[in-house]
Amino acid sequence: MRLKKGLMFSAIALAGALVLSGCIDSGATPEAAPVEEAPEFAAGTTMADLAAAGEITIGTKFDQPLFGLRGPGDKPVGFDVEIGKLIAAKLGIPADKITWTETVSANREPFIQNGQVDLVVATYTINDTRKEVVSFAGPYYSAGQDLLVLAGNTDITGPEDLTDQPVCTVSGSTSEKNIAAYTTNIRATDTYSNCLGPLRSGEVVAVTTDNVILAGLADQNAGEFEVVNNPFTEEPYGIGLALEDTEFRTFINDVLEEAYEDGAWVDAWESTAGKVLDTPEPTAVDRY
């Protein structure tokens with residue numbers, strides 16, 4: 001069964017099916033995470049520096065429905081944004097002291113390496129190549145790469161149908177690398193939303209990225225597109241931070257595990273992506 005608004009599709013590493021149930025309200029404001037009062041950290045750690053500064057810069061997507069989408073006042077909203085707020089709160093930093101920086105797929109590593117952001121929460125797949133230049137906490141969620149096609153297109157049932165066919169994805173993304181195994185006719189752009197026009201016009205036959213991102217795009221454009229519902233990869237989402245900052249990575253993993261246990265992770269999901277998708281089981285963090 002293809003994924004349209006209101007239909008069901010399978011996702012890799014989720015406890016069950018994800019079900020589209022309606023449009024996410026980008027204007028909704030999730031309940032604020034409780035901010036730690038005067039947290040104490042070892043001197044010289046990233047946590048101590050950020051807590052002392054009382055502010056943090058977090059990179060996220062601004063064009064990803066359900067995860068990171070520009071909302072009221074140009075502030076992003078979505079599940080990734082709420083995860084960022086949870087981490088900031090444990091540092092004693094309230095949401096209004098977070099500077100949100102738009103990070104597209106191609107600039108996530110440079111922004112971390114150059115210190116333009118303190119961390120990145122941006123549908124950011126953990127892989128070995130990226131781990132050579134940045135570190136990752138998490139994963140905090142797992143998705144699977146799939147295809148978005150025009151509604152009613154039954155010719156494309158999976159990536160094997162894309163030989164020599166034009167496909168759109170984002171430059172520098174894991175999706176771009178993965179789809180190259182099936183077609184070299186790739187149109188790469190900076191954001192997934194920029195792929196929708198070429199799909200509408202027939203310049204490309206499909207858009208490819210993680211199934212939950214495609215689900216958000218389909219939900220925002222009801223009746224136009226559908227997800228093929230044949231995920232062909234596993235995409236563990238991690239939180240990017242400076243290479244070999246072990247203390248900060250351990251701290252973020254601790255925050256995630258606490259959020260799993262006390263329900264804050266579920267609250268973050270259900271106030272954002274959970275308005276459209278069923279709630280999955282949290283993904284166990286990797287203590288590498």
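The following is a conversation about a predicted model.

Colleague: What should I know about the model before we start?
Modeller: It is a predicted model, in which local features need pLDDT of at least 70 and side-chain atom pairs count only at pLDDT 80 or more, while totals for chains, interfaces and linings use all residues. Residues are numbered from 1 along each chain as its sequence is written, and side-chain values use heavy atoms, with hydrogens and water left out.

Colleague: In what order do the five strands of the open sheet stand?
Modeller: The order is β12-β11-β13-β10-β14, with mixed pairing. Strands here are DSSP runs of E with at least two residues, helices are runs of H or I with at least four, and both are numbered from the N terminus. Two strands pair if DSSP finds at least two bridges between them.

Colleague: And which strands stand at the edges?
Modeller: Those are β12 (186–189) and β14 (225–227); each has a single partner strand, so one side of each is left without a neighbour in the sheet. On average, neighbouring strands of this sheet are turned by 30° against each other, direction ignored.

Colleague: How many bridges join β10 to β14?
Modeller: Three bridges join them, and the two strands run antiparallel, with β10 covering residues 145–150. Val149 stands opposite Glu226 in β14.

Colleague: Which helix packs on that sheet?
Modeller: Helix α6 (residues 211–220) does, touching β10, β13 (206–210) and β14. The direction of α6 makes about 125° with that of β13. For such angles, axes are lines fitted to C-alpha atoms, for helices over the stretch in contact, and the angles run from 0 to 180 degrees between N-to-C directions. Contact means heavy atoms within 4.5 Å.

Colleague: Moving to helix pairs, at what angle do α2 and α7 cross?
Modeller: Helix α2 (residues 79–90) and helix α7 (residues 246–262) cross at roughly 110°, and their axes come within 10 Å. That makes α2 roughly perpendicular to α7; angles of 65 to 115 degrees count as roughly perpendicular, under 35 as roughly parallel, over 145 as roughly antiparallel and the rest as oblique.

Colleague: Which residues meet there?
Modeller: From α2, Ile83, Leu86, Ile87 and Lys90 meet Phe251, Ile252, Val255, Leu256, Glu258 and Ala259 of α7. The residues of this contact divide into eight nonpolar, no polar and two charged. Ala, Val, Leu, Ile, Met, Phe, Trp, Tyr, Cys and Pro count as nonpolar, Asp, Glu, Lys and Arg as charged, and the others, Gly among them, as polar.

Colleague: How is α1 placed against α7?
Modeller: The axes of α1 (residues 46–53) and α7 come within 8 Å and cross at roughly 75°. That makes α1 roughly perpendicular to α7. Thr46, Met47 and Leu50 in α1 meet Glu247, Phe248 and Phe251 in α7, and the residues of that contact comprise four nonpolar, one polar and one charged.

Colleague: What about the open sheet of three strands?
Modeller: Its order is β4-β5-β6, with antiparallel pairing. The edge strands β4 (63–64) and β6 (76–77) each pair on one side only. Two bridges join β4 to β5 (residues 68–70), and Gly68 in β5 is the bridge partner of Gln64.

Colleague: How many aromatic pairs does a search of the whole structure find?
Modeller: The search finds 17. In one, the rings of Phe79 and Tyr141 have centres 6.4 Å apart and planes at 70°, so the pair is edge-to-face. Rings of Phe, Tyr and Trp (its six-membered ring) pair if their centres lie within 6.5 Å, and planes under 30 degrees apart count as stacked, over 60 as edge-to-face and the rest as tilted.

Colleague: Which parts does that pair tie together?
Modeller: Phe79 lies in helix α2 and Tyr141 in strand β9 (residues 134–143), so the pair ties together parts that are 62 residues apart in sequence.

Colleague: Where is the cis peptide bond?
Modeller: The bond from Gly138 to Pro139 is cis, with omega near 10°, and Pro139 is found in β9.

Colleague: And which residues have a positive phi without being glycine?
Modeller: Asp74 has a phi of about 65° and is placed in the loop between β5 and β6. Asp164 also has a positive phi of about 65°; Asp164 is found in the loop between β10 and β11 (167–170).
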